[in-house]
Amino acid sequence: MSSLDATRADLALLVLYLNKAETRDKICRAIQYGSKFMSNGEPGTAQNVDKATSLARKVFRLLKFVNGLHSLISPTAPGTPLPLTLLGKSKDALIATFLFLDQFVWLGRSGIYENKERVELIGRISLFCWLGSTVCTSLVEIGELGRLSASIKKLEKELKNSNKYDNEQYRAKLKKSNDRTISLVKAGIDTVVAVGLLRLAPNKVTPRVTGAFGFVSSLISCYQLLPPPTKSKTT
């Protein structure tokens, strides 16, 4: 493959990546929380960027609660323990509720719905739903990592006399374990962000801390949305 073909292939992957609404949302999220970190809650240009980007992101999430409802009614993977199933469905229900209520927050902040007190109340309820979903996600990932760890150890015993990294099943389980570890870290970070947005611990989780954690979480999300690398043939 020539260098021009390789460049064209890389640009095609980049276009595919940026064409996703979810990707644009996460890039805007990184800008939003980066601005929050810079402003530290103080009035100024950075805070204006934070508020404007936050409002713009809500447009990307219009009707997105349907995704949560679809996940909620979809069957779980065979063999999933009941506690993990219940936690997963709770997470889906909380995410769907958060995204549904967030639409009313957008209506209020854009001036369409003028009852500010009710908008603030709905906003706090939606954030508590998101906080609950991040906790459920963390518990699900911990449980799934435990199951994966036991499965990997069992497979390692079976492959004791051979190179385990040559085994496709072992590599797939290892990749799944790494992906779930990243998801667990992101869920933990998002829990801190939710606590900061709700001002549940204002002395410890300041706007700057919230911004820093939110920015890192956004970068992780952008990484998770990257398309898988293509295998190129060399001439």
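**Reading helix packing and salt bridges**

Tutor: Let's start with serine 35, which counts as buried at 9% relative accessibility (buried means under 20% relative accessible area, exposed over 50%, and partly exposed in between, with a 1.4 Å probe and protein chains only). This is a predicted model, in which local features need pLDDT of at least 70 and side-chain atom pairs count only at pLDDT 80 or more, while totals for chains, interfaces and linings use all residues. Residues are numbered from 1 along each chain as its sequence is written, and side-chain values use heavy atoms, with hydrogens and water left out.

Student: Where does serine 35 lie, and which residues does serine 35 touch?

Tutor: Serine 35 is part of helix 2 (helices are DSSP runs of H or I with at least four residues, strands are runs of E with at least two, and both are numbered from the N terminus). Leaving aside residues up to four places away in sequence, serine 35 touches Ala46, Val49 and Asp50 (contact means heavy atoms within 4.5 Å).

Student: How do I read the packing of helix 2 and helix 8?

Tutor: In general, two packed helices are described by the angle between their axes and the distance between the axes. Here helix 2 (residues 21-39) and helix 8 (residues 207-224) pack at about 160°, their axes 7 Å apart (axes are lines fitted to C-alpha atoms over the stretch in contact, and angles run from 0 to 180 degrees between N-to-C directions). Helix 2 and helix 8 are therefore roughly antiparallel (over 145 degrees; under 35 is roughly parallel, 65 to 115 roughly perpendicular and the rest oblique). The crossing of helix 2 and helix 8 is left-handed (the near helix is turned anticlockwise from the far one by less than a right angle; clockwise would be right-handed).

Student: Which residues of helix 2 and helix 8 meet?

Tutor: On the helix 2 side they include Ala30, Tyr33 and Phe37, and on the helix 8 side Gly211, Phe215 and Ser218 are among them. The residues of this contact divide into nine nonpolar, seven polar and four charged (Ala, Val, Leu, Ile, Met, Phe, Trp, Tyr, Cys and Pro count as nonpolar, Asp, Glu, Lys and Arg as charged, and the others, Gly among them, as polar).

Student: At what angle do helix 5 and helix 6 pack?

Tutor: Helix 5 (residues 82-109) and helix 6 (residues 116-158) pack at about 155°, with axes 8 Å apart. This pair is therefore roughly antiparallel, and the crossing of helix 5 and helix 6 is left-handed. The contact of helix 5 with helix 6 is made by 17 nonpolar, 10 polar and four charged residues.

Student: How many salt bridges does the count come to?

Tutor: The count comes to 14 salt bridges (a side-chain nitrogen of Lys or Arg within 4 Å of a carboxyl oxygen of Asp or Glu). One of them joins lysine 58 and aspartate 102, with the closest N and O atoms 2.8 Å apart. Lysine 58 lies in helix 3 (residues 45-60) and aspartate 102 in helix 5, so this pair ties together parts 44 residues apart in sequence. Lysine 58 is buried, at 8%, and aspartate 102 is buried too, at 5%.

Student: What about lysine 26 and glutamate 22?

Tutor: Their side chains meet in a salt bridge at 3.7 Å, N to O. Lysine 26 and glutamate 22 are four residues apart in helix 2, about one helical turn. Lysine 26 is buried, at 13%, whereas glutamate 22 is partly exposed, at 26%. Both belong to a network of salt bridges linking Glu22, Asp25, Lys26, Arg57 and Lys64.
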